[in-house]
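Please look over the model shown here.

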Amino acid sequence: MSIDGDSQVIEKDFLAALRYKAFRVYLGMRFTFTFAYTMQALVIATYIYQLTRNKMALGGIGLCEAIPAVGIALYGGYIADKSEKRKMLLMISSLVFFASLVMFTVTLKGLSGEIHKGWKIPIIFFMIFLNGVARAFYGPATFTVYANSIPKAIYPNGSSWSSSSWQIAAILGPATGGLVYGYFGITAAFAVIMSFLAISMLITYSLSAYPAVFIPKESIWTSLKEGIHFVLNKKILLWAMSLDLFSVFFGGAVALLPVFALDILKVGVDGLGLMRAASSIGALITMLAMTKFSPMGKPWRNLLIAVTGFGLSIICFGLSRIFWLSLIFLFTEGAFDSISVIIRGTIMQLLTPDHMRGRVSAINFIFIGSSNEIGAFESGAAATIMGTVPSVIFGGGMTLLIVSLTYFKTKKLVPLSLTEIQTPEIEVAAEMS
C-alpha cells in the first residue's frame with residue numbers, strides 16, 4: 001500500500017501507533033527522561049544566571065553540552081547500530097542520573113560551606129559535559145527503538161505521537177522546574193529530577209531487547225564513512241538537516257529566556273517556567289492536531305512555510321514588552337517548529353535503511369540536535385555583543401534569509417507529495433542549481 005493510501009487509514013485511526021505495546025513503552029521511557037532533562041536544563045540555567053548574572057554563562061551551558069555531543073555523535077551512532085539497545089539506554093540513563101546526583105550535592109545549602117563557591121560552576125559545567133556525552137549515544141539508540149516499535153506504514157502517526165509525548169514532557173518539565181525551584185528551592189527541584197530519571201530507568205528495563213542488525217566487517221572509519229556517504233547522497237535529507245541547523249542556530253531564543261524573564265519582562269522564575277512551557281504547549285497542540293491532519297501532503301512546501309513562521313515568531317517575541325503577548329509568540333514559535341519536526345522526522349525514518357539508523361541518526365543529531373546548544377552559545381555571544389533584544393531580532397531575520405535561500409535552491413521539491421519524494425528519480429530535484 002502506498003504512503004498516501006496509508007495516511008488515509010491513519011486519519012481514521014489517530015491512535016494507530018498507540019495500539020502497539022512496544023511503542024507505548026518507548027513513549028513512557030522517553031517522556032520521563034525528557035521531563036527530567038528539560039526540568040534540569042531550566043533549573044541549571046536559572047541557578048547559574050542568578051549566581052553569575054552573566055549572559056555568556058548561559059551560552060556556555062549549551063556549548064559545554066554540544067562539544068561532546070557533536071564530537072562523538074558519529075561514534076555513538078556506530079555503537080548504536082552494533083549494540084543491544086536496552087542495555088545501552090540503561091548505561092546512558094545511569095550516566096545522566098550520576099550527573100544530576102553530583103549537581104544536587106553541589107547545590108545543597110547544607111554543604112555551601114564545604115564546597116568553595118569558585119568550584120561550583122566548574123563542577124556543574126563538567127556534569128553538563130557528561131550529559132553531552134550521554135546525548136551522543138541516547139539519540140541514535142532511541143531512534144532505532146522507535147523504528148522497531150511500529151510498522152513503517154504508521155511512521156507519520158507514530159512520529160506525531162512521539163513528538164507530542166516529548167512536547168508534553170517539555171511543557172511539564174520546565175513548568176515544574178520553575179514552580180518547584182521558585183517555591184521550594186533547588187534541592188527539591190533536583191529531588192524531582194532524579195525521581196523521574198529513576199522511573200525512566202525502570203521503564204527502560206522493561207523494554208524488549210533490540211539486538212544489533214549491523215555487524216561491521218570493516219573498520220570503524222569505513223562504517224562511519226558509509227553513513228556520511230548515504231546522507232550526502234540523499235539530497236532531501238541533507239537539505240532538511242541544513243535548513244534546521246541554520247534556522248535554529250540563528251533563531252533560537254530559548255537560551256536567553258532567563259534574561260527576558262528576570263531583566264526585561266521582570267516576571268521572575270515562575271514566569272520563566274511559563275515562558276519555557278508556552279513554546280511546548282504550542283508544539284503539543286499542533287502535534288496532536290497532526291495525528292489527525294497530516295502535514296505530509298506536500299511535505300517540502302509545508303516545511304518551508306513552517307520555518308518561515310518560526311522566524312517571524314522569533315522576531316515578534318524579541319520586539320514584545322508585554323508578558324502575555326510574549327507567551328503568544330513563544331506559543332506560535334513552538335507550533336511552527338513542531339510542524340517541521342514531524343515532517344523531517346517522517347522523511348528521515350522512511351528514507352533510512354534499518355542497518356544504518358544509528359549512524360544516520362547521529363549525523364542528523366550533529367545537524368539538528370546540536371543546533372540548539374550551539375545556537376544557545378551564539379545567542380549568548382550575540383546578546384553580549386549586540387544586546388539581548390537586537391540579537392533575537394537578528395536571529396529571526398537570519399532564519400527568514402536562510403529559508404528564502406533554501407526555497408530558491410529546492411523549488412522543484414515544493415509541489416511533490418510524500419510518495420513522490422520517496423521516488424529515487426526525484427533525488428535529482430534536490431540537487432543544487
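Lys-266 sits in the loop that links helix 11 (257-264) and helix 12 (268-290). This is a predicted model. The backbone at Lys-266 has a phi near 55°. That value is positive, in a residue other than glycine. Is Lys-266 buried or exposed? Lys-266 counts as exposed because its relative accessibility is 61%, and the cut-off for exposed is over 50%.

Next, the surface patch. Three residues, Ile-67, Phe-126 and Phe-129, make up a nonpolar patch on the surface. Together they have about 290 Å² of accessible area. Phe-126 belongs to helix 6, which covers residues 117-149. Phe-126 has 46% relative accessibility, so it counts as partly exposed.

| Residue | Relative accessibility | Class |
|---|---|---|
| Lys-266 | 61% | exposed |
| Phe-126 | 46% | partly exposed |

Now the whole protein. How many helices and strands does the protein have? There are 17 helices and zero strands. The protein has 433 residues, and 57% of them are buried. Of the contacts between residues at least 6 apart in sequence, 87% join residues at least 24 apart.

Conventions:
Residues numbered from 1 in each chain as written. Predicted model: local features only at pLDDT ≥ 70, side-chain atom pairs only at ≥ 80, totals over all residues. Heavy atoms only, no water. Patch = residues over 30% accessible without salt bridge, like charges linked within 9 Å, V, L, I, M, F, W, Y side chains within 5 Å. Areas by Shrake-Rupley, 256 points an atom, 1.4 Å probe, with all protein chains shown as cover. Salt bridge = Lys/Arg side-chain N within 4 Å of Asp/Glu carboxyl O. Helix = DSSP H or I, 4+ residues; strand = E, 2+ residues; numbered from the N terminus. Buried < 20%, exposed > 50% of the residue type's maximum accessible area, 1.4 Å probe, protein only. Contact = heavy atoms within 4.5 Å.
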